[in-house]
Amino acid sequence: MEFIVSARKYRPVTFRSVVGQAHITVTLKNAIKNQQLAHAYLFCGGRGVGKTTCARIFAKTINCINLTPEYEACNECESCRSFNENRSYNIHELDAASNNSVDDIRLLIDKVRVPPQIGKYSVYIIDEVHMLSTSAFNAFLKTLEEPPKHAIFILATTEKHKILPTILSRCQIFDFNRISVQDAVDHLKYVAQSEGVAVDEEGLTVIAQKADGAMRDALSIFDQIVAFSGKEITYKQVIENLNVLDYDYYFKLVDAFLADNYVDSLVIFDDILKNGFDAYHFVSGLSSHLRDLLVCKNPQSIQLLEVGNAIGSKYHQQSQACSVDFLYDALNVATDAELQYRNAKNKRLFVEFMLIKLARLISEKKKLLS
Ligand SMILES: [Zn+2]
């Protein structure tokens, strides 16, 4: 079985193809268009959201000798080709997570003084810059204060709060978004199509949710599943592969609660345990499900539903059957159970009693009101 490494193969090569960060790519393109380049940028955001990718595209674009009318790199000139083949001398990357000493930064500073032989700019990317030692930081600060004309620094960090104010004040700061589930699903769809992999949207949604905002993780999970299941992937295969609880369980449970049917809810829970799932994760997943139903109740909060289109309509449908009151009470019970779970002696009975309470919510309320 041929193994595709999508994370590398589908790394974007233009600003346009970067997923979910339009607010950043548009600003960078405008800076290039108006020739207003800063000497230092700080890219902040979680892992796998495209910080280094954007830094590389930026470095390539400002050195391209044949920009497109949209101010994108041409990907054809000698400079672009050297970037795409990882042999450009105009880009230098330092991973501060493993090279954080003052000597490492001095080596970099020595390089900074030398103007580039070809192209206009030398771009220095320092990844995980918050990991630099204090002495390394101080050594670097001098260069950052008076950089040579040809030098541009792009500092990247997952932990912005750890960056010293003296550095922050000298950088133009860009905050990268987490990748939304829908954006990740759309991109995965494109990758699947290009690789001739047939997969349903529900399966892709689970992958995107599992990746939790990181496109790179979404692609490597996708690769893992293709390697395991071949070129035809179903939702069932995805959840089995990732050991994810089928969201259908939660839909069925809420149906049981609405029907005052605690017996069904106990049988469903038994089935979940028999399939080897952890009871605590189940309870916490149930809280999330109720929360997702609640945000569906209002057009203004529906954008907080992060599930992708295919499953979104199921949520919408079930939310119509629930009153806000019911969802509020149910969330109360479920989140409370989540908190108390660790203290419970008999975990199974504890969760079962929570389910019975949830199934009786509506009838108990009716009793109170009559
Ligand atoms: Zn070019």
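Against which elements do the buried residues of α8 pack?

Author: This is a predicted model, in which local features need pLDDT of at least 70 and side-chain atom pairs count only at pLDDT 80 or more, while totals for chains, interfaces and linings use all residues. Residues are numbered from 1 along each chain as its sequence is written, and side-chain values use heavy atoms, with hydrogens and water left out.

The buried residues of α8 pack against α1 (6-9), β6 (198-199), α9 (201-211) and α10 (215-229), where contact means heavy atoms within 4.5 Å, and helices (H or I, at least four residues) and strands (E, at least two) are DSSP runs numbered from the N terminus. Helix α8 itself covers residues 181-194, and its buried residues (under 20% relative accessible area, with exposed over 50% and partly exposed in between, for a 1.4 Å probe and protein chains only) are Val 181, Ala 184, Val 185, His 187, Leu 188, Val 191 and Ala 192. An α-helix has 3.6 residues a turn, so residues three or four places apart point the same way.

The length of α8 agrees with expectation, because its 14 residues should span 20 Å at 1.5 Å a residue and its end C-alpha atoms are 20 Å apart; the expected span is 1.5 Å times one less than the number of residues. Just after α8, Gly 196 takes a positive phi of about 65 degrees.

Elsewhere in the model, 5 strands form an open sheet with parallel pairing, in the order β2-β3-β4-β1-β5, two strands being paired if DSSP finds at least two bridges between them. The edge strands of this sheet, each pairing on one side only, are β2 (91-95) and β5 (172-175).
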